[in-house]
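Let's take a walk through this structure, one residue at a time. Have the viewer open and follow along.

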Amino acid sequence: MNCYNEIYIILEKIKEKTPLVHHITNYVTANDCANIVLALGGSPVMADDPKEVEEMVSIASALVLNTGTLNERTIESFIIAGKKANKLGIPVILDPVGVGATNLRNKTVEKILKEVKLSVLRGNMSEIKNIYGLNSLTKGVDSTDNPLNGGKEISISLAKQLNCIVAITGSVDIISDGKKVFYIKNGHEILSKITGTGCMSSSLIGLCCGTGKSPLYGAIAGIMIMGIAGEKANKRLKNFEGLGSFKVYLLDAVSTFSQNDIKERGNLCEIL
């Protein structure tokens, strides 16, 4: 069965199961992440208090951890929820926003990686390189690196080291399970002009993994859906329209997403 068929099955299962995706995420993009999950057919929840995260993750299909806006409460919640998800076999997706920018972010991500077993690690090239141990310049939470510059080798090595799927998103998206490596060449540069598209991609990965399919195909599906939706949204823009319209069209594209979008626009290749 090829990757496209796996994505078709994931789309069908989202409609059948309406997976609940538990987010412990940042307040900048929480609304966007909730809406993107709803648009594709899932159910989002944004509970982050340490006193309730165990109970909430126990009824969820996936857990998404996002380090965009850190505080002591959410850091504690990351670990509590992550350990509970591991115990219950619920997939955990980590979006290490801005790792490398501050010591707090570095220590938080290090703690998560030490105490929680991840299913998928998704970040931009600067974030992934920092986790891998290479020096890389992180400008705020944005990447200054091209994923094609060592991305294949880093994704393979880090996936083996962490025993999880590693997804590097950028001009070309790179996904590896430590053995196979896939490139996705969907998307549009305008996606980098609005806040939260990376966070939304992680939410879509969580939703796709929440169907019960393998994290590898969940990561591929979530990233490809975001890329194709970005292409469709950009195509709708008229001369007098800008980023506000694009964001609305992006949500439209996800809410009407179908198997035909994958068939007509999917650009995935396995790299040997």
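This is a predicted model: local features need pLDDT of at least 70, side-chain atom pairs count only at pLDDT 80 or more; totals for chains, interfaces and linings use all residues.

Arg122 sits in strand E5, which covers residues 120-123. Looking past residues up to four places away in sequence, you'll find that Arg122 touches a whole set of others, including Leu94, Asp95, Pro96, Gly198, Cys199 and Ile205. Thr169 is one of its contacts too.

Now hop over to Thr169, in the loop between strand E8 (165-168) and strand E9 (173-176). Thr169 has 15% relative accessibility, so it also counts as buried. Its side chain makes a polar contact with the side chain of Arg122, at 2.4 Å. The pair also turns up in a record: UniProt, in an unreviewed entry, lists Arg122 and Thr169 under "binding site". They are spread over 48 residues of sequence, yet they cluster in space, with a largest C-alpha distance of 7.3 Å.

Last stop: Glu241, in the loop between helix H9 (215-236) and helix H10 (243-255). What is the nearest side chain of opposite charge to Glu241? That is Lys238, 4.6 Å away, and Glu241 is buried yet has no salt bridge; a salt bridge would need the charged atoms within 4 Å. The side chain of Glu241 does reach the backbone nitrogen of Lys238, at 2.9 Å. Another polar contact, of 2.8 Å, joins the side chains of Glu241 and Tyr249. Setting aside neighbours within four places in sequence, Glu241 is in contact with Arg236 and Tyr249.

Notes
Residues are numbered from 1 along each chain as its sequence is written. Side-chain values use heavy atoms; hydrogens and water are left out. UniProt positions are given in the numbering used here, feature names are shortened, and annotations may be inferred rather than shown by experiment. Helices (H or I, at least four residues) and strands (E, at least two) are DSSP runs, numbered from the N terminus. Contact means heavy atoms within 4.5 Å. Buried means under 20% relative accessible area, exposed over 50%, partly exposed in between (1.4 Å probe, protein chains only). A polar contact is a pair of N or O atoms within 3.5 Å; within protein, one must be able to donate a hydrogen and the other to accept it, and residues adjacent in sequence count only if both atoms are side-chain atoms. Lys and Arg count as positive and Asp and Glu as negative; His and the chain ends are not counted.
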